[in-house]
Amino acid sequence: MTESFVIIGDGVAGSSAAETLREEEPDADITVLTDEGEALYNRILIKEFAKGKLPEAPISIHDEGWYEERDIDLRLDTLVVDLRTDAHEVETHEGEVFEYDKLLLAIGGTPQQLPVGNSDADGVHHFWTFQDARGIKEAVEGAENGVIVGAGLLGIDFAAICGAQGVEANYLMRGECWWRYALSKDGAEIMHEAMRERGVEPVFDSGVDRFETDDDGHIEAAVDPNGERYPADFAGVAIGLNFNTELVEDTPIEIDDGIVVDEYMRTNLEDVYAAGDITQFHDVILGERAQNGAWGSAKEQGTVAARNMLEYGSEGFRWVSSYSITHFDFPFLSFGHPTLGDDEIERKFGEDEWRRLALKDGKIVGGVLIGNLAPQSAYKQLMREQVDVGAQKETLMKEGFSVEDLEQEAAAGE
Ligand SMILES: Cc1cc2nc3c(=O)[nH]c(=O)nc-3n(C[C@H](O)[C@H](O)[C@H](O)COP(=O)(O)OP(=O)(O)OC[C@H]3O[C@@H](n4cnc5c(N)ncnc54)[C@H](O)[C@@H]3O)c2cc1C
């Protein structure tokens with residue numbers, strides 16, 4: 001009998017799952033449901049579009065013909081509003097019902113709004129979809145000054161967009177540096193300087209208490225908790241995601257700020273899987289539950305989920321995630337879980353070069369490299385292989401570090 005697979009979400013996780021299912025099961029019925037109005041596009045590149053550096057066309061990854069050629073039933077503009085796990089069916093906003101033998105939830109997250117006055121005013125932007133990017137591009141092209149809120153990996157995209165589009169902006173941050181959970185002031189200062197060079201001023205120990213609007217309801221300024229007023233006709237807010245768990249809230253599927261899955265991407269229900277940003281997965285390297293928010297990881301989870309939907313236990317998810325920032329003259333890479341761990345080491349090498357590793361029980365669990373990415377493969381290898389490096393911290397911070405340095409040191413010590 002032909003098996004039927006329903007995938008909710010056509011981001012990179014859902015789409016790569018559909019592709020893998022088709023490659024490995026030529027006869028399966030595969031349906032992909034997405035509430036977006038376009039098929040898979042490169043979410044990483046939409047910031048380059050908003051910066052005005054890239055036209056629309058190269059951002060698309062698959063057109064609708066790609067799905068047709070593979071006999072995958074893609075439904076755009078289709079929001080799934082109900083999931084009935086006992087009956088093995090999902091229902092869309094138009095009342096259409098799809099039955100499944102196996103279901104994949106690749107439903108990602110939605111940007112959080114600031115819990116302050118006027119946070120939904122005209123001119124306050126959040127960033128997740130291509131549609132958002134179109135709105136942001138148009139807004140920054142007409143803006144003179146802006147504020148950015150959210151001192152993390154998505155907030156810095158807003159800073160780069162304002163810089164590229166000539167909008168003078170204040171970047172309002174809580175605490176005393178950008179991405180304070182992963183960087184020290186030494187490392188973050190390199191990022192701050194790069195922002196300043198682009199006309200974006202980092203403001204520390206700040207944030208937003210409320211937005212002020214004009215008579216038409218358009219944002220005019222942000223007022224921070226210290227009472228400082230920052231004029232702005234554009235605001236970019238990137239304070240994190242709400243994971244789209246609403247759909248599963250009335251089902252027996254386990255959730256915990258995301259959908260809980262094992263290393264095979266299976267939920268607590270035998271025929272329901274999840275992949276991508278939405279998952280709280282069992283990370284076999286870290287030895288605990290974790291969540292990734294990165295393109296490569298979501299793609300791999302989609303592929304792994306598909307293989308296990310076909311044969312449970314056939315492939316585990318074992319992955320060191322990476323996320324790079326390419327807005328500045330120097331490279332930046334974070335990998336693994338740089339905000340976790342019980343110990344850390346860091347070193348500054350010069351004006352634009354800095355490194356930090358997060359360790360747990362003497363093993364690398366993540367890190368951030370600024371200015372020189374050469375040691376990334378060595379660090380990732382040590383992380384993947386769970387090598388205990390707790391006694392060799394100084395060696396890890398050597399300028400041209402390679403794995404052989406550890407071996408030589410160990411041999412010298414014998
Ligand atoms: C501006 C921006 C820049 C980024 N830059 C980087 C980067 O440089 N490097 C990096 O590694 N990562 C980056 N990321 C993160 C990366 O894009 C995500 O981690 C990845 O796209 C997640 O893929 P996903 O398939 O899990 O989720 P998503 O891409 O969010 O896809 C989920 C899809 O499910 C749909 N959906 C949800 N609920 C329903 C429903 N009920 N019915 C129908 N459809 C539904 C959503 O609309 C969405 O289309 C960036 C993200 C953004 C927004």
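Some housekeeping before the details. Residue numbers start from 1 along each chain as its sequence is written. Since this is a predicted model, local features need pLDDT of at least 70 and side-chain atom pairs count only at pLDDT 80 or more, while totals for chains, interfaces and linings use all residues.

**Domains and ligand**

Where does the ligand lie? Domain 1 and domain 2 both give residues to the shell around it, so the ligand lies between them. There are 34 residues around the ligand, and Gly9, Gly11, Ala13, Gly108 and Gly276 come nearest (near means a C-beta atom, placed from the backbone, within 6 Å). Helix 1, helix 2 (46-51) and helix 7 are the elements that give two or more residues to that shell. Helices (H or I, at least four residues) and strands (E, at least two) are DSSP runs, numbered from the N terminus. By residue class, the shell has 18 nonpolar, 9 polar and 7 charged members. Here Ala, Val, Leu, Ile, Met, Phe, Trp, Tyr, Cys and Pro count as nonpolar, Asp, Glu, Lys and Arg as charged, and the others, Gly among them, as polar.

**Helix 1 against helix 7**

Helix 1 (residues 12-24) packs on helix 7 (residues 295-310) at about 35°, with the axes 7 Å apart. Axes are lines fitted to C-alpha atoms, for helices over the stretch in contact, and angles run from 0 to 180 degrees between N-to-C directions. The crossing is right-handed, which means the near helix is turned clockwise from the far one by less than a right angle. Contributors include Ala13, Ala17 and Leu21 of helix 1 and Trp295, Ala298 and Met309 of helix 7; contact means C-beta atoms, placed from the backbone, within 7 Å. The contact residues divide into 10 nonpolar, 7 polar and 3 charged.

**Sheets and strand pairs**

Strands of a sheet pair through backbone hydrogen bonds, either parallel or antiparallel. Two strands count as paired if DSSP finds at least two bridges between them.

A second open sheet of 5 strands runs 22-23-26-25-24 and is antiparallel. Strand 22 (322-325) and strand 24 (343-350) are the edges, and neighbouring strands are turned by 10° against each other on average, direction ignored.

| Strands | Sense | Bridges |
|---|---|---|
| Strand 24 and strand 25 (residues 353-360) | antiparallel | 7 bridges |
| Strand 13 (residues 210-213) and strand 14 (residues 219-223) | antiparallel | 4 bridges |
| Strand 9 and strand 16 (residues 234-237) | parallel | 2 bridges |

Ile345 stands opposite Leu357 in strand 25, and Val124 faces Ala235 in strand 16. Strand 13 and strand 14 form a hairpin with 5 residues between them, and Gly217 in the turn has a positive phi of about 85°.

Conventions
Two residues are in contact if their C-beta atoms, placed from the backbone, lie within 7 Å. Domain bounds come from an automatic or database domain assignment.
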